[in-house]
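Here are a few notes to read alongside the model. Take them in any order you like, with the viewer open.

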Amino acid sequence: MDNFIISLNAVLPTFLLMAAGYLLRRIGLADERFLKQVNRVTFMVFLPVMLFRNIYSADIRETLNLPVIALALGALVILFFLLCLIVPRVVHDNKQKGVIIQGIFRSNYLIFGVSIVTNMFGEEKAAIAAMLSAVLVPSYNFLAVIVLEAFTNGGKIDKKNTVLSILKNPLIIASVLGIIVAISGLQFPEFLDQTFNQLGRVATPLALIVLGGDFRVSALKGRLFKALAVSLIKLVAVPAAMIPAAVMIGL
C-alpha cells in the first residue's frame, strides 16, 4: 500500500497539470494560438535550458551509471529496429507508419522521467535521470527524424535535411553543450546558475499544461483502436520486457 501511495504522489501531479491545461482551453483562457506559442517557447528555450543545467550540474563521475545507460540505449535501438520491421507489415498507410513507430519508441522522458524520479527519490537521485536524458533525448530525436523522413518521403531519406534537422534540434544542442561544460569543469557564477535553474523549472509545468491543452477527444475518432494499441505496447509490453531485464543485470 505504501508503494501505491508513493506512486500516486509521484504521478498524479503530472496528470493534474495536464488536466489544468485541458481546463484552461475549455474555459477559453488558453486558445490554440496561445498553446502553439507557449509550446514553441518551451521547446526552443525552457526544455533546452533545463536539459543543459541538469547535465552540467551533475557530477559525471558519480552519476555516469554505464549499466543503466547501456540497458536504456540498447533497449531503444532494439525496439526501434523491431518496430521498423513489424509496423510496416501491419499498418498499410505510409503516413501512419512513421507516426506509430515514433509513438511507441519515443517517450517524453525529459518531461516525465526526470520529474517523476525527482518526486519519488529526491534531487540527489534525479542527477542519474538527468545524465540518462543526455543520452536518450538526442537518441530519440535522431531516430524520430530518420523514421519520419523515411516514411513521409516514400522510403527515401533526404540526408542533408535529416542531418540539418538533427544538428539544429535545441535539445541535442543543449545535451552536447551540457556534456562539454560538465567535462570541462566550468563553473558558472551563482546568479547565472540560478537563472538557468529558474528557467528550467518552468519547463515541465508549462510542457504538461500545453500537452493537456492540446488534448482533444475528437482527435481519437476513427483512431481509437490504433491509439489504444500503441499505448498498450508503449506502457505495458515494453516495460514488461525491460524491467525484468534490468533486474536480471542487477539494477
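A nonpolar core here is a set of buried Ala, Val, Leu, Ile, Met, Phe, Trp, Tyr and Cys residues joined through side-chain atoms within 4.5 Å. Please keep in mind that this is a predicted model.

1. Let's start with the largest nonpolar core, which has 23 residues. Leu83, Ile101, Phe105 and Tyr109 have the most contacts inside this core. At least two of its residues come from each of helix 4 (66–90), helix 5 (94–105), helix 6 (109–121) and helix 7 (123–152). Helix 7 gives the largest share, nine residues.

2. Leaving aside residues up to four places away in sequence, Ile101 touches Leu83, Cys84, Val87, Val147 and Phe151.

3. There is also a second, separate core, made of 19 residues. Leu51, Val137, Ala203 and Ala207 are among them.

4. Is Thr162 buried or exposed? With a relative accessible area of 6%, Thr162 falls under the 20% cut-off, so Thr162 counts as buried. Thr162 sits in helix 8 (residues 159–167). Its C-alpha atom is 6.8 Å from that of Ile146, a residue 16 places away along the chain.

5. Where helix 9 starts, a side-chain oxygen of Asn169 comes to within 2.9 Å of the backbone nitrogen of Leu171. After helix 9 comes Gly185, with a positive phi near 80°.

6. The buried residues of helix 9 are Pro170, Leu171, Ile172, Ala174, Ser175, Gly178, Val181 and Ala182.

Conventions
Residues numbered from 1 in each chain as written. Predicted model: local features only at pLDDT ≥ 70, side-chain atom pairs only at ≥ 80, totals over all residues. Heavy atoms only, no water. Buried < 20%, exposed > 50% of the residue type's maximum accessible area, 1.4 Å probe, protein only. Helix = DSSP H or I, 4+ residues; strand = E, 2+ residues; numbered from the N terminus. Polar contact = N/O pair within 3.5 Å; in protein donor to acceptor, adjacent residues only side chain to side chain. Contact = heavy atoms within 4.5 Å.
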